[in-house]
Amino acid sequence: MDKYNDVSPFVIIKSDVTRRSFIYTDRALGALDKSKHQYQQRVLIGSNRDKNAAVPVSLLLRDGTSIIGMPSKTAKNPYVVDQIDGKLVLTDQGEIVEEVHYWYKPDYYDKFTSSGTPMWQVASSRPQRLDIDPNSHCHFWNKGNGCKFCNINANSTQSEKECNMSKQLTAQDVYETVKEALKQPGAFTNLKMSSGSILSGAEIFDDEVDMYIEMLQAAGDNFKDKKFPSTIVASAFSEKQLAKLYENTGLMTYTSDIEIPNEALFAWICKGKHEEVGYAEWKRRIIRAVDIFGAGNVSSGIVGGCEMAQPHGFTNEDDALKAVLEEAEDFASQGVSVVHCVWVPMHGSAFHNQQNPSLEYYVRLAKGLSDLRKKYLLNVDMDNYRKCGNHPDTDLDRGNLD
Amino acid sequence: MKLMSILNERIQTLLQDSVAAKVLATADKQGIPHIVSDPTITVNDEGQIIYLELIETSRSNVNLVNSIWFKRKVAIHLSKGEESYQIKGYPAYSVICGPVFEHYYKLSLERNPEFDLSTVWIIEPDEIMDDTYAARKNKERDVHPLITHLDRLAK
């Protein structure tokens, strides 16, 4: 931390906890109050719940920074969440690192839609964002070409089996859940939708676009104005598809993840995306979205550190970082924010045995991406610390004045 | 019942007085100061100071973010009539969600339906000064007896 004393220590802690993972002591788990805290959540990637115990879905630091993640029982050097002197704390090798809090449960969570669906299975809640993932199945996996870092289909299949959680949502359930969520003053600042890629349709992704239109219209029926703070994290749509989405919904911002900002590695790690669309076209489509949504209202996520996956990834952190930041600058110079998450080689993904890079790599990556937004005057309101909460680089942006 | 705090009962009462003048001073990364006057600054049951930030992108909010990140103090000036205090402390929590946030969100709405609360800042007081002229001058006379004008000492 001393070497990077101009970087928020909370962001450094977040990156390291995500990178190394964490576990809970029994005392810490005893502090979970099922009536107040979230312990089950619909997520696309990762894990929806622990089937054996009520485990907090994520953590919040004192400054409002989130740490998104479920504990890992197989982590080699995890942080430990403990309760000491009445406070929940992160500890490392027995030393207290920082105070943490569990995410609170929104009022709608324990309610049901008119069809009997638990509302927590329709919309999950990041600290200040409503997350609705209408389709938890990715078609790229149908041919075995899903992204190697991702466990979306493994997770959704397991959740369907263990707690009868449907992979697809209905528009009526979405409408009713958003309506209920909006009754809680001050709880949300953004609505986000995401889905596994749907390749079908006259043009690739046409059916995915139609699905988003139906779901966004259902959610949008709850708002006074046509447009409302919202985003989707979706496949790379054509200009025609993006225009149709923008014109027919309340959508204000758009994300399509380039995942691995390097063509050769993208072809290896995101084989399906590369074969069906191609790196250059995927990138071109993201950049063209700026024409519709405006500079700063389009972002692209990368799985930070996955560019070092072996055997084809970079073997030197300096080389990897240089390549990533150069490509990110190309996006930023054309109005697209590149945001990163910390790559966690998770169970159910093809890369579950891999090793992620050093903490220093992640600190440099977060700072580098945040600095690019400063250089190109891009704000990241669409995906800031209190919305997604999964990007160390966008957490840093709140320390800068526009 | 209030818990132990370095703020005595009188100062806590003043902080809860909506007529008292309250000013928050912060500094940016370069040390450039910034102040806001806000009569809604108050104190919670733990004797911590509460500042409600209504503008997410304001200079005060950004300065407070940097203060909590890098452990920099902020200052609060508090005065009413002849009384005047300066309190220095550290931003300890930036509350952006949950029951505490929602409590103050509703309170802000009651004050003005246009208010859209961004952050509840909880400031841990660390240092208190009696900021009246008499108190400051007496302190100086004790420590620096040579600093004065001679005419004041003449027969």
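**View 1. A salt bridge joins A:R386 and B:E56.** In this predicted model, the N and O atoms of the two side chains lie 2.7 Å apart. A salt bridge here is a side-chain nitrogen of Lys or Arg within 4 Å of a carboxyl oxygen of Asp or Glu. Between chain B and chain A the count is one salt bridge.

**View 2. Chain B meets chain A through 25 residues of chain B and 29 residues of chain A.** Contact means heavy atoms within 4.5 Å. The two chains bury about 2200 Å² between them, buried area being the accessible area (1.4 Å probe) that two parts lose on being put together, summed over both. B:W69, B:Y93 and B:I96 supply 31% of the area that chain B buries against chain A, more than any other three residues.

**View 3. Domain 1 (2–102) and domain 2 (107–397) of chain A.** These bounds come from an automatic or database domain assignment. The domain centres, taken over C-alpha atoms, are 23 Å apart. The contact takes 30 residues from domain 1 and 47 residues from domain 2 of chain A.

**View 4. A:K14 and A:D395 form a salt bridge.** Their closest N and O atoms are 2.7 Å apart. Across the interface of domain 1 and domain 2 of chain A there are three salt bridges.

**Notes.** Residues are numbered from 1 along each chain as its sequence is written, and chains are lettered from A and ligands numbered from 1 in the order in which they are written. Local features need pLDDT of at least 70, side-chain atom pairs count only at pLDDT 80 or more, and totals for chains, interfaces and linings use all residues, while side-chain values use heavy atoms, with hydrogens and water left out.
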